[in-house]
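Take a look at the structure below. This briefing goes through its contacts topic by topic.

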Amino acid sequence: MLRTALLAPTGDDVLSEDPTVLALEAYAASLFDKPSALFVPTGTMGNLCAILSHCHYNKSSEMIVGKHSHINLYEGGGYANLAGVSAKSVEEDEDGKMNLGDLRDAFRRDDDDHYAKTVLVALENTHNMLGGIAVEKEYVDGIGRLAKEEWGGEVKVHVDGARIFNAAVSLGLGVGELCQGADSVTFCLSKGLGAPMGAVLVGDREFIRLARRARKRLGGGMRQAGVMAAMGMYALENHVGRLAEDHERAKRLAAGLRDGGFWLPRGGKVDTNVVFFGLPEGSRIKKEDLPPLLFEKCGVKIAGGYSSGGKLFRLVTHMDVDDEGVEKAIEGIVSLCL
Amino acid sequence: KNCRVVTSAAQNIINTQPKTFPIHRTGESIPSFPPYLALSRKTFENITMMPSSSHRQSLQVIILSARSSRRRRDFKQCFSRSNNRIALSNCQHHQLARKPITHHDVLSSRQITTSSSFPSTERTRTTTTSIEPLSSFSSSSKNNNNSKITDLRSDTLTSPTPSMLQTALRAPTGDDVLSEDPTVLSLEAYAASLFDKPSALFVPAGTMGNLCAILSHCHYNKSSEMIMGKHSHINLYEGGGYANLAGVSGKLVEEDEDGKMDVEDLRDAFRRDDDDHYAKTVLVALENTHNMLGGVAVEKGYVDGIGRLAKDEWGGEVKIHIDGARIFNAAISLGVSVGELCEGADSVTFCLSKGLGAPMGAVLVGDQEFIRLARRARKKLGGGMRQAGVMAAMGMYALENHVQRLAEDHERAKRLASGLHDMGFWLPRGGKVDTNVVFFGLPEDSKIKKEELPHLLFEKYGVKIAGGYSSGGKLFRLVTHMDVDDEGVEKAIEGIASLCVN
């Protein structure tokens, strides 16, 4: 992957003169069956560009977003404090879906001065905080229909697809099919796909034109970005199929922990490469002690503090985690806690 | 299989004598650079003189056989005349390269199988050596003067050199959002030390560096206001982010032709928090070099004066930020270090992607608490990159190797300016040029209109320039940088003069 960075022809991407970036954007657009795409330094910027481009700063735009979504929880409130958009957060069920009735309740039209106006619904796929859940195509399509048909086609649907390829591999679909009902999608190159950095936003031409402008003023207008885009391209071409291995290892982790009596959401059902777990009632150690002990004794690093009360740990498998690592993790966690 | 063959003669030989080309036989051992078969010195010359296009930075020559000292001398002459950066892949000859690289970084421990016999030059001399440039190299220019393009539109166009790209291969990385990328951390530490500031932050672009500074110096809910130059980059070219993203109002003060805002005007623009009509001044933004006024190097005395104004007169509650996208150009021009030059400021943004030549990136320096807030701002703006060390390594290389050479760019800019000035073009500041930027306007009796100059200049001379600057869009801007050489400067002067002047 690093060698492709050496070979990449580059130019000034702010002037749209970097052929490698243009090639990556064209490829991404074709994968998602959308007209256009934009390479950005991070998924957060992809989401923020989407919000800035779908919403109208001066028209009291409002977005509907999941209560446990990344945009709501982990993007610094940028949708509000940078883009000036208010948000209605709707609780998701344990499969990462927001209830249609709740969405209808949250929706506001522009015929009452009390209200901001709903112009955007943001979905997340895979849904990170609820367990790396692969959200099905039918649901995404359903939200798309809601926006287009019931809500007069004036509400856009954006998918925060940081790990959309994990969802696609898990569901056995192409990302284009999976995101057909959405107007725009952000996906990350820097996560499971393994590139050092970068994400891509895909959508309509006019939308991407506005997103490009948003990217510049957010400070994402990079120059010879082809050096990075080349690695992103390599990741897209070579690292998608192998995500299934990560899912396999995550499932083994989940099964191993569940059999050991740990609490897992969704009865232990794991779709992709993310596993949440909580310590059993009779755990020998406190939750705060697990990460340092696990690292000292087993060389396994994990992160905790998730969910209410900070009770849950999150495990994420990826290409730099092998079978031996999975065994050590299960063994270590079990032997320390039980 | 990875070779690009540039002459019909070479193609002919490959077809008829495949055994003489070890590249084809050894298959995957060759790094997949686009190597070119140089079958004769003339072909080699043509290859190395090809347009400095986007492939240039990876131009690498595999010397299949150059055991004789005469042949080595021949190749050496080609290198020195070439406009491309040549990296040799045969370690015996690395001393011939102008920018030698440790090729084993590229090849790991593989050896290149060298052919013991070059196709004899006698055979190849009789064949045609007309170049059919590959489509990825050919410019749209049909110019006959030469095949090289001189791009004076901006120093953002500098391409990473092979040596610089090598550092990206070797850089240890980690997740920079977790502060676990050692290469980013060392770049930040190095930058902070250069500027004699406590802390630093690597960002994807200078615009983000400035925006993080504004977000961190100013208080969103406290009606913060900033004072900046009317012709500053923050005011003109950053999409109004200081207002529409950071929610800060701006008071614009006109700069003089040396890029300085008058201290009286600053006092007039300043607002304290004792009247509900007013927002509150919390930040003054300076720019050094000042781009739009001509790449002007603003003196240390002035910066220090503004710092004293803020600290002493304004009660120390107003911060000074320098948009130092080209601060190193200013420092070189003034003969001071960046630390000295920016002593009076609280924070500075500088770009790695411009004259310093890195592919992307900038750094913000300042106090510890300020940088902590800036880091948070960077994350929410979408600048929290992961294994950013791949880029930071190249930025570090740029900082360590490309600062002193900026003086060459200034030299070339001055020659451009005096060349144009002598031919009757209008230049600001009476033609005085401090750094690598030159603005000029057409003379009254120009043969052509200003709209026609850029494309005619490119078609006939292979020189790219940008216009539309200043009021009425009358001025052109020329920016010299490491990918512009003396020949390019001559062509530019010659081209512009001959197209416009009778």
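Arg153(B) and Glu17(A) form a salt bridge, with their closest N and O atoms 2.7 Å apart. The model they belong to is predicted.

**Where the chains meet**

- The count of salt bridges between chain B and chain A is 1.
- Chain B brings 45 residues to the contact, and chain A brings 38 residues.
- Together the two chains bury about 3,600 Å² between them. Carbon and sulfur atoms hold 58% of that area.
- On the chain B side, Leu169(B), Leu245(B) and Lys380(B) lose the most area to chain A. Together they make up 18% of what that side buries.

**Chain B as a whole**

- Chain B has 20 helices and 14 strands.
- Of its 502 residues, 60% are buried.
- Take the contacts in chain B between residues at least 6 apart in sequence: 75% of them join residues at least 24 apart.
- The accessible surface of chain B is about 20,200 Å². Carbon and sulfur atoms account for 48% of it.

**Aromatic pairs**

- A pair of aromatic rings is described by two values: the distance of the centres and the angle of the planes.
- Phe262(A) and Phe277(A) form an edge-to-face pair, 5.8 Å centre to centre with 85° between the planes.
- That pair links distant parts of chain A, 15 residues apart. Phe262(A) lies in the loop between helix H12 and strand S8, while Phe277(A) lies in strand S8. Both Phe262(A) and Phe277(A) are buried.
- Phe195(B) and Phe328(B) also form an edge-to-face pair, 5.8 Å centre to centre with 90° between the planes.
- This second pair spans 133 residues of chain B. Phe195(B) sits in helix H8 and Phe328(B) in helix H14.
- Why does Phe195(B) count as buried? Its relative accessibility is 1%, and buried means under 20%.
- Phe328(B) counts as buried too, because its relative accessibility is 7%.
- In chain A, ring pairs link Phe32(A), Phe165(A) and Phe187(A) into a cluster.

**Charges over rings**

- The charged end of Lys301(A) sits over the ring of Phe295(A), 5.2 Å from the ring centre.
- In chain B, the charged end of Arg271(B) sits over the ring of Tyr278(B), 4.5 Å from the ring centre.

Methods. Residues are numbered from 1 along each chain as its sequence is written. Chains are lettered from A and ligands numbered from 1 in the order in which they are written. This is a predicted model: local features need pLDDT of at least 70, side-chain atom pairs count only at pLDDT 80 or more; totals for chains, interfaces and linings use all residues. Side-chain values use heavy atoms; hydrogens and water are left out. Helices (H or I, at least four residues) and strands (E, at least two) are DSSP runs, numbered from the N terminus. Buried means under 20% relative accessible area, exposed over 50%, partly exposed in between (1.4 Å probe, protein chains only). Contact means heavy atoms within 4.5 Å. Accessible areas come from the Shrake-Rupley method with a 1.4 Å probe; for residues, only the protein chains shown count as cover. Rings of Phe, Tyr and Trp (its six-membered ring) pair if their centres lie within 6.5 Å; planes under 30 degrees apart count as stacked, over 60 as edge-to-face and the rest as tilted. A charge sits over a ring if NZ of Lys or CZ of Arg is within 6 Å of the ring centre and within 35 degrees of the ring normal. Buried area is the accessible area (1.4 Å probe) that two parts lose on being put together, summed over both. A salt bridge is a side-chain nitrogen of Lys or Arg within 4 Å of a carboxyl oxygen of Asp or Glu.
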